[in-house]
Each structure stands twice: as C-alpha cells, then as structure tokens.
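Please read the points below alongside the model. They are meant for someone who has not seen it before.

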There are 2 protein chains.
Amino acid sequence: MSVLSQLRDTQTRRSKSAIKLIAYILEDPTAIVSMPIATLANAVSISEPTVNRFCTGMGFKGFPDFKLTLAAELGRAESGIASDIESSDSISLVVSKIFEATRVSLSNTQNHLDVGLIDQVVVALDSARSIVLCGLGASASVAMDAQHKLLRFDTPVVAHTDIINQRMLTTSLRAEDCLICISYTGRTTALCDIADMAASSGATVVGLTDPDSPLAKLCDLVLGVDSGEDTDVYTPMTSRIAQLAIIDVLATAWALRKGPSFSKHLQRVKTSVASTRLAGN
Amino acid sequence: MSVLSQLRDTQTRRSKSAIKLIAYILEDPTAIVSMPIATLANAVSISEPTVNRFCTGMGFKGFPDFKLTLAAELGRAESGIASDIESSDSISLVVSKIFEATRVSLSNTQNHLDVGLIDQVVVALDSARSIVLCGLGASASVAMDAQHKLLRFDTPVVAHTDIINQRMLTTSLRAEDCLICISYTGRTTALCDIADMAASSGATVVGLTDPDSPLAKLCDLVLGVDSGEDTDVYTPMTSRIAQLAIIDVLATAWALRKGPSFSKHLQRVKTSVASTRLAGN
DNA sequence: ACCCAGTAGTAATTTTATTACATTTTTGAC
DNA sequence: GTCAAAAATGTAATAAAATTACTACTGGGT
C-alpha cells in the first residue's frame, strides 16, 4: 500500500503529534522530501525524535528512508501536462515531452475505454468467418501491427493499406465477416466509403477511431481513441500508440476467451518463429 | 529531463572518476538511493568530495538531492511491476495490466535512452542520401510507421518488410546511405545478415534493438529498447510501442534540427492531406 | 493518590555531507 | 618536448542531519 494512502487512513489510531505531523505532510508532500528532520519537526512544533519515531513506527528505517519512499511515490504520480514542443527545446527535453505525452495519451485512452465494448468486439472477432483490417496513412502501420497480432488466431485475417484493394475486398464481404476500420480522425473520406459499403453487406464493422467522427457513425462497434492534438507541427501524434495498446487488449482478451487449450497453440506459434533467431548473445 | 538519460548521455565530456561513478550508478541505480555518500565513494574508489562535486556539477544541491531525484525517477519506472496476465483475469483487469505494462515499458526505455546517440542518429539521417528501414514480423509495422513519419522530410525514405527486397536493396546501398534495422530481439538471423551486408558497403547502420544483441554489434549506432518480456503467452510485447516513441523522438529532433523554415514545409505536408478528409462532424 | 503504559522532550552521539585547502593530473601553447 | 594554467582529485576539518539514550510528562485505571 502507498505511503500517502497509509497516511490518509483514518482507521489506525494515532498519537496527538502524529496527527499534526500527518496533516502537515499531506498538505504538501512534495515539500517534505527536501526538508531536513529539524525543519519538519519545527514546523509542526514537535521534537525531532518524535518525527523519527513516527517514521520507524511506519516500518521505515528512519526519516531519510521515509523521504526516499515518499519521493519515489510522488515521482510516480507526477504526470506532467504534456506540453507542446518548442523549437528551442533541447534533445533531452524533447525526449521527455514525447514520452510524457505518450503516457498521457495512453492514460486518457484507458480512462475512456468501455470495457463492455471490448467484450462485444471480441465476440464479433471470435464468431467472424474472416477479419479484414483497413487503415491508410499512419493508420496503415497500425493495421499491419494488428494483422501480425491476430495472425496467431485461426480465423483468416488480412490487413489492407491500399485503397483499391480495400474497395475490392469490401465488395466481397459477407455478413459473417468482420471489418475493422482504423483512423485517427475518422474523417478520411476513403475509409468512410469502405465502412459504408461494408455496412450494407451486413458485415460487422468495428471502428478504432474518434467516437465523435463521421466514420464512427457508420460502424456497429466503436472503440474510442481521443484523436486529440494534431495542431502542432512538431508534436507527434501519440494516438496511434494508444490504438496499438487497444489492439493488444483485443488480442489478449480474445486469447483468454478461447480458453486454456488455446495457450498451447500460442506457444506453438511462438516456438515456430524461434528457428529464425540466433541463440545466445 | 531525466537524470538517468543525462547519465547515459555519451556526448558530454566527463572526467575519469565521473565515468567510473556513472558506470557504477547505472549498474544498479536502485541501490544508490539508499547508499550514503561514503559507501558509494568507497565502492568506486574515489573520494567523497568527488562524488559530491559530481552531484553539484549536475545541478543538484548535493548528494542527498541527487538521491531524491533519482528515487523519484525510479519510482516512475518501477511503479507497476507489470504483472503477467492470468487466464482468470477479468477484461477490465486485462486492460489495466496492458496499459500499465505499456507505460512501464515507455518509462524504462526513456530512462535508458542515450540522448547523445539520438543526436548522432539525427545527424546521420540528415546527411544521408537515402534512408532504408528494415523490419520483419512485428517490427515490420514499426518500419512502416517510421516510413510514414520520415516521408515528411525531403530525403528519400523507404521501408521494406520483405526479406528478398531487403537483401536486394541492401546490395545497392552506398556509403552515403543510412540503413535502420528494427528488431525487438536483435536475434533475427535474416536481419543480422542485412546489417552485415550494409556495413561492408560503408553505409551508416542504425539499430533500433536490444543493445546486447548480435544485431546491435553489427550496427554503427544503436538505440536501445529493452526487449524485456516475451516469456508469457498472453502478455503482449510492449517494446514495439517504445520503439514507436523513439521514432517520434527521431522525427521531431530531426525536424528541429532542420530549423524554423522547415516547420513551414511540415505545415504544407499537413494541409496536403486535409483534402482527403471530411469537414465537421 | 499512585502506578503504569504510552508519549514526548533534551541532550549526547553517531552518521552523513560539505567545505577549505593541498596535491596531482591534464591540457594546450610555444 | 616543456612549461604554465586549468581542471580534477584527495585529505582533513567542519558543519549538518539523523539517531540513540535517557528523562519527564500525560492520562486512564486501581
């Protein structure tokens, strides 16, 4: 359990000074980590040994140990507001900003993900005669990635990144098939056409796109990804990474649905590629 | 800006003892945070003031401040010790685990990224006559994604995901060209062959792979991604997502290097695809 | 009123970090 | 190569911080 939530816990009995101390710590935990025990003791008007006893009482080796643990915990929570990249940024700042923006994008997608929908999509995949993935531009590589993951299952799956092939394949779609349309914006005309054509064939159309987009309205099931940014020229589109995470979720959920016997199959797939690799270092 | 990546940075000039110290710290950063300065100094066979000077030299108030910052950073990476997925997990637990594992993978990659190397790779890209991206299997989609991002620059770039085409192209590589090999494991025999062939042509070979792999040894520049897991059948490979983030960093750093006039070009590229989209909702 | 357990404080001690200064090493000009 | 300047490192002294040992309160229970 985290230190902070341990401190917030009202159940455990505390001494008078412990209560004062906890109140002060929770007021600004970040400040504590760079505070010597004397300053803290003074601020709460208690003695240094009392602070120390409090720390050891919580199971820490001492006050510095407590501070270290608190710092680690705060470092975790500290989710920077993903800021745009400035042309004056140093490389290491660019690295920080991009990774942070990616993490934020993942968290947003996770928070908005409808678990019930995941289940419905998995059912659709599992009962499909064949699965077709369509994406253009940056979404083409997401479609390729999804194909690679879904290839492990015994349902025929194919990704198409060419608009002509996509149209051709869509015309031959049947009601038992499943089409997955991938697009950040959900506004790519070509892909909307595909979704529309597929819908009239009766196939299940799944969208991996912005839930408020025209494409989303043409789909039977929509897994939302905040298309978000794309205003700034330098800041990269992190949403495609969130889409990949959703693909991971789908593939994993599907595998689990298939049951334990299927994990043997997955293992076989894994070993089948082993021979393409060098052993050792 | 991450402390660990600052330490990994090979660009900045370091003194002899600083090199020893950094090597020791990177060996087990977690151990450092609970180490007094005397123990650390002794372990590296340097004096305590040297350690202290190193910390203040990096911009910290002193050794304790350095430890605190390091702890906070490690806390970020260690947060969710991404646990394997169990067959009994509910969908919402699967979602949490996958997203958490992905975030952890990103943080780990970020912490191990050598900023100096990023710069070197960007220089290589910028001075290349042409850029070739090679990847197989799951890395094929990473190569496709990289192609899509690098297409915005005026250097000819192409991704190949077919082993025959890769070999053909590699034979016609020149010293002015840049080859980027993408592989999680760095042990795919076919890709090692490609890197080897390219190296003899004099082209700059960049690896986006496990730094301890055979492939890495064949590359001129290696951007490390912990290949990490891949033991569990259900848990997906999160490292490809980290690779995408690195691609983002490279593309952004390159764009920044090109200077402000280039941002106009990026803007033009952006508007050129706008006509493929529907307006409004 | 007295005792006892829990709690807190004072002061001494120990541990840890920093500073001041001397010495060595490295670097770059000639 | 030689020398001087600058940078880097070490030793020892000092300061800061944390911990321990010991003493003194506080408040319920008899």
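1. The buried residues of H8(A) pack against strands S1 (131–135), S3 (178–182), S4 (204–209) and S5 (221–224) and helix H13 (239–258) of chain A, together with helix H7 (91–112) of chain B. Helices (H or I, at least four residues) and strands (E, at least two) are DSSP runs, numbered from the N terminus. Contact is taken as C-beta atoms, placed from the backbone, within 7 Å.

2. This is a predicted model, in which local features need pLDDT of at least 70 and side-chain atom pairs count only at pLDDT 80 or more, while totals for chains, interfaces and linings use all residues. Residues are numbered from 1 along each chain as its sequence is written, with chains lettered from A and ligands numbered from 1 in the order in which they are written.

3. In H8(A), the buried residues are Ile118(A), Val121(A), Val122(A) and Leu125(A). Buried means 20 or more other C-beta atoms within 10 Å of a residue's own, exposed 12 or fewer, and partly exposed in between; the C-beta atoms are placed from the backbone.

4. Ser45(A) is not a glycine, yet has a positive phi of about 60 degrees. Ser45(A) lies in the loop between helix H4 (37–44) and helix H5 (48–57) of chain A. Ser45(A) counts as exposed because it has 9 C-beta neighbours inside 10 Å.

5. In chain B, Ser45(B) also has a positive phi of about 60 degrees without being a glycine. The loop holding Ser45(B) runs between helix H4 (37–44) and helix H5 (48–57) of chain B.

Conventions: Two residues are in contact if their C-beta atoms, placed from the backbone, lie within 7 Å.
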